[in-house]
Amino acid sequence: MSHKTKKTAMKEQARPALVPKLRFPAFQGAEPWRQVALGEASTPVTERVGERKLIPVSISAGIGFVPQAEKFGRDISGNQYQLYTLVRDGDFVYNKGNSLKFPEGCIYLLQSWGQVAAPNVFICFRLKDGYSNVFFQNCFEANLHGKQLKKHITSGARSNGLLNISKDAFFGVQIPTPTLQEQQKIADCLSSLDELIAAQARKVDALKTHKKGLMQQLFPPEGETQPRLRFPEFRGAGEWGAGPISQFAEINPRREVRPDEVEVSFVPMNAVSENGFLAVQQTRKYGSVKKGFTAFRDNDVILAKITPCFENGKAALVRALKNGVGFGSTEFHVIRAKKSCLPEFIFAQLYSEQFRSLGKASMTGTGGHQRVPASFIEDYVICVPGLPEQQRISDCLTSFDGLITAANQELDTFKTHKKGLMQQLFPSVKTAKE
């Protein structure tokens with residue numbers, strides 16, 4: 001044995017065995033897991049689409065496969081279509097475009113599509129016998145590939161948006177792998193959790209859909225001044241008043257002056273969640289906040305004016321600010337209700353799909369710099385009943401928001417549980433290398 005070979009063998013012996021913290025009883029004491037390169041576990045898929053008529057797809061991080069026509073608004077395959085790769089159910093596809101969730105690119109398993117056409121810049125592969133698709137998909141979901149590919153990225157994304165990762169580097173990625181029987185046991189366990197997560201996500205969507213339908217009944221349709229559904233105590237109370245929002249609220253009111261030493265809340269755009277709540281709050285001294293920032297206070301409605309934040313419903317009814325004052329991006333509009341209208345009632349109407357649809361049509365600017373002008377909000381007509389009926393409707397919608405929030409929290413709990421379980425079911429590769 002050469003000195004180099006002997007040294008390598010000694011290094012291998014010095015490494016701790018690849019064993020997860022949590023193992024199913026049937027595999028307690030079984031042989032350690034081993035590192036398996038993707039090049040060993042899989043076969044590249046390179047068959048071209050040719051004359052076949054298949055759906056051209058792309059891959060979105062966090063979603064998976066989507067038709068190009070849906071993602072880009074049109075089929076972008078063009079003359080390259082025949083050179084696209086033919087991908088079948090059971091094949092994996094690696095999109096080496098970076099994203100927040102997968103900075104080194106994402107890998108997804110094709111399921112329930114049959115056959116599709118994938119851009120030939122994607123890397124496609126199929127696992128060999130002895131390797132579980134679901135097990136490997138969970139490894140890719142945990143970004144085990146990204147943690148290794150990171151060292152191979154020598155520059156930023158190319159002009160086509162793809163990372164500079166070669167096929168050799170990709171197929172050199174190593175996945176800690178047990179026997180096929182243990183892979184399947186882990187896959188079955190995680191699949192059960194995925195089904196639970198999917199069922200909870202459907203519950204959240206159902207609640208949102210129900211609230212949307214309820215709002216369509218509780219507010220007058222366009223061109224009318226009475227809702228289709230009215231609480232018993234307000235039946236026969238007459239028509240609602242109608243007028244532009246500027247009649248019921250101040251739009252972008254003047255910034256208040258406060259002592260420099262007062263602590264106030266700072267709310268960045270990403271702190272506004274799509275369910276209408278502030279997810280994060282930081283605090284700063286009043287004097288440290290730039291004068292150009294937008295100011296607001298408790299019970300104001302803040303509304304993203306830029307696309308796509310506006311289209312995604314980035315709006316919130318502000319509550320529990322530090323000392324009742326907050327600051328945020330200049331890309332917020334601020335709507336402050338007057339005494340004749342409850343802030344909750346205004347927020348409900350500004351959170352509607354009709355408002356977002358008309359607001360999108362009013363945007364000025366080009367590309368990613370389009371904004372909803374303040375004039376659109378000022379002139380947008382809303383219908384408003386008396387304060388007691390406003391309160392009744394607001395209370396009803398608030399109770400629904402509570403149900404949606406609780407369902408979302410339960411969904412997040414399931415996702416967190418799966419993440420924690422995976423950390424126990426998979427051995428720490430970092431520890432194994434030390």
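**Salt bridges in a predicted model**

Glu141 has a relative accessibility of 38%, so this residue counts as partly exposed. The value comes from a predicted model. Glu141 belongs to helix 4 (residues 133-141) and Lys418 to helix 12 (residues 387-425), so the pair, 277 residues apart, links distant parts of the chain. Lys418 is buried, because its relative accessibility of 4% falls under the 20% limit for that class.

Side chains of opposite charge can pair when their charged atoms come close. A second case joins Asp91 to Arg126 through a salt bridge of 2.6 Å, N to O. Asp91 sits in the loop between strand 5 (85-88) and strand 6 (92-95), while Arg126 is in strand 9 (residues 123-127); the pair therefore ties together parts 35 residues apart in sequence. Asp91 is buried at 1% relative accessible area, whereas Arg126, at 36%, is partly exposed.

The next salt bridge connects Glu224 with Arg228, whose closest N and O atoms are 3.3 Å apart. Glu224 has a relative accessible area of 35% and is partly exposed. Arg228 reaches 54% relative accessibility and counts as exposed, because the exposed class covers values over 50%.

Salt bridges can also be linked to one another. Glu47, Arg52 and Arg88 form such a network. How many salt bridges does the count come to? The total is 14, a nitrogen of Lys or Arg within 4 Å of a carboxyl oxygen of Asp or Glu being the criterion for side chains.

Terms used:
Residues are numbered from 1 along each chain as its sequence is written. This is a predicted model: local features need pLDDT of at least 70, side-chain atom pairs count only at pLDDT 80 or more; totals for chains, interfaces and linings use all residues. Side-chain values use heavy atoms; hydrogens and water are left out. Helices (H or I, at least four residues) and strands (E, at least two) are DSSP runs, numbered from the N terminus. Buried means under 20% relative accessible area, exposed over 50%, partly exposed in between (1.4 Å probe, protein chains only).
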